[in-house]
Amino acid sequence: MLVASANPLDQFLAHHPDYFFERSPEQALINPDHLLILLNHLRCTVRTAFQKGEGFAPWPAETVQRR
């Protein structure tokens, strides 16, 4: 079931469902070194203690210090 609003894109898909359902899904590509992505990863790990000698993303273990 496809629930469409008055949005032109929804209306196009409602009138041409094969455009949506008969195509393969797109592959998401991300840059894991992007600063916003790294910031969110850091936020997720802020409650997890780093072990001595453990690095984070592109930073080697020498730059990660436990305080």
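**Entry 1: Overall build**

I looked up the secondary structure and found 3 helices and 0 strands in the protein, where helices are DSSP runs (H or I) of at least four residues and strands runs (E) of at least two, numbered from the N terminus. From the N terminus on, I read the order of elements as α-α-α. I note that this is a predicted model, in which local features need pLDDT of at least 70, side-chain atom pairs count only at pLDDT 80 or more, and totals for chains, interfaces and linings use all residues. Residues are numbered from 1 along each chain as its sequence is written, and side-chain values use heavy atoms, with hydrogens and water left out.

**Entry 2: Burial, surface and contacts**

I checked burial next: 4% of the 67 residues count as buried (under 20% relative accessible area; exposed is over 50%, partly exposed in between; 1.4 Å probe, protein chains only). The accessible surface of the protein is about 6,600 Å², and carbon and sulfur atoms hold 57% of that surface; the method is Shrake-Rupley with a 1.4 Å probe. Among contacts (heavy atoms within 4.5 Å) with a separation of 6 or more, I found that 3% join residues 24 or more positions apart.

**Entry 3: Aromatic pairs**

F12 and Y19 form an edge-to-face pair, at 5.4 Å centre to centre and 80° between the planes. Rings of Phe, Tyr and Trp (its six-membered ring) pair if their centres lie within 6.5 Å; planes under 30 degrees apart are stacked, over 60 edge-to-face, the rest tilted. F12 is partly exposed at 36% relative accessible area, and Y19 is partly exposed at 42%. F20 and F21 also pair edge-to-face, at 4.9 Å and 85°. F20 is partly exposed at 48%, whereas F21 is exposed at 52%.
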